[in-house]
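Hi everyone, thanks for coming. Let me put the sequence and the structure up on the screen, and then we can walk through them together.

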Amino acid sequence: MRNIILIGFMGCGKTTVGLRLSYRLRCPVTDTDKEIEREEKRSISDIFAEDGEAYFRDRETACLRKLLQENGGRILSVGGGLPVRKENRELLRELGQVLYLRASAETIYERLKHDTTRPLLQGSNPREKIRALLGERDACYLDTADVVIDVDGKDFETILGEIEQSISQ
Ligand code: S3P
């Protein structure tokens, strides 16, 4: 069985949607950030601070390779920067059906303006950081996705309904 994979920018709802979808479809869920934190026994912020972003990106690729060795039939939610690496985009497509949860920069800013857990958004002008990063990444998400789900202004029930429709087709 193929996996269902959720991609998209930080704060688009991948982790929450992944959990809810796993209850509905009665299948396991794996979140690459949580998997990496569990294996490393430290937070993403600590990994970035102690070993840098490049190290974290290699851990993301290793995590996808490991998942390819495991049974399918699960929901995977992956970190917002994971699809930027071309190799990862290829691995994601091998792993299953890819759904892009697309949110606007303004929605993301409203959700994450007080967040302290995303190292890439700390410091001054997070709104500008979000705009610039989303501008760079949107093409990577679109390049990987089989389906795009627009999430702006929608509640979780609506989003889950749209996902269920798109995966049953
Ligand atoms: C990142 C997104 C984060 C996490 C790390 C880097 C990114 O995951 O992997 O902070 O580069 O966009 P979420 O998308 O789950 O917030």
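Predicted model: local features only at pLDDT ≥ 70, side-chain atom pairs only at ≥ 80, totals over all residues.

Let's start at the ligand, where a side-chain N or O atom of D33 sits 2.7 Å from one of the ligand's oxygen atoms. R57 also brings a polar side-chain atom to 2.7 Å from a ligand oxygen. G81 uses its backbone instead, with an N or O atom 3.1 Å from an oxygen of the ligand. On its own the ligand has 390 Å² of accessible area, and the protein covers 96% of that. For the polar contacts I mention today, the rule is a pair of N or O atoms within 3.5 Å; within protein, one must be able to donate a hydrogen and the other to accept it, and residues adjacent in sequence count only if both atoms are side-chain atoms. The accessible areas are Shrake-Rupley values with a 1.4 Å probe, and for residues only the protein chains shown count as cover.

How many residues surround the ligand? There are 13, and the closest are K14, D33, R57, R118 and R137.

Residues are numbered from 1 along each chain as its sequence is written, and side-chain values use heavy atoms, with hydrogens and water left out.

Now to the charged pairs. The structure holds 22 salt bridges, each being a side-chain nitrogen of Lys or Arg within 4 Å of a carboxyl oxygen of Asp or Glu. One of them joins E164 and R24, at 2.8 Å from N to O. That pair links distant parts of the chain, since E164 is in helix α7 and R24 is in helix α1, 140 residues apart. Helices here are DSSP runs (H or I, at least four residues), numbered from the N terminus. E164 is partly exposed at 27% relative accessible area, and R24 is partly exposed too, at 33%. The scale is under 20% for buried, over 50% for exposed, and partly exposed in between, with a 1.4 Å probe and protein chains only.

R42 has salt bridges to talk about as well: E40 meets R42 at 2.7 Å, N to O, and D51 meets R42 at 2.5 Å. Are these residues buried or partly exposed? R42 counts as buried because its relative accessibility is 18%, and E40 is buried at 17%, whereas D51 is partly exposed at 40%.

E35 is found in helix α2, residues 32-40, and is buried at 19% relative accessible area.

Back in helix α7, which spans residues 156-168, we find S166. Its side chain reaches the backbone oxygen of I163 at 2.9 Å. S166 is buried, at 11% relative accessibility, and, neighbours within four places aside, is in contact with Q97, L99, V147 and I149.

Terms used
Helix = DSSP H or I, 4+ residues; strand = E, 2+ residues; numbered from the N terminus. Near = heavy atom within 4 Å. Contact = heavy atoms within 4.5 Å.
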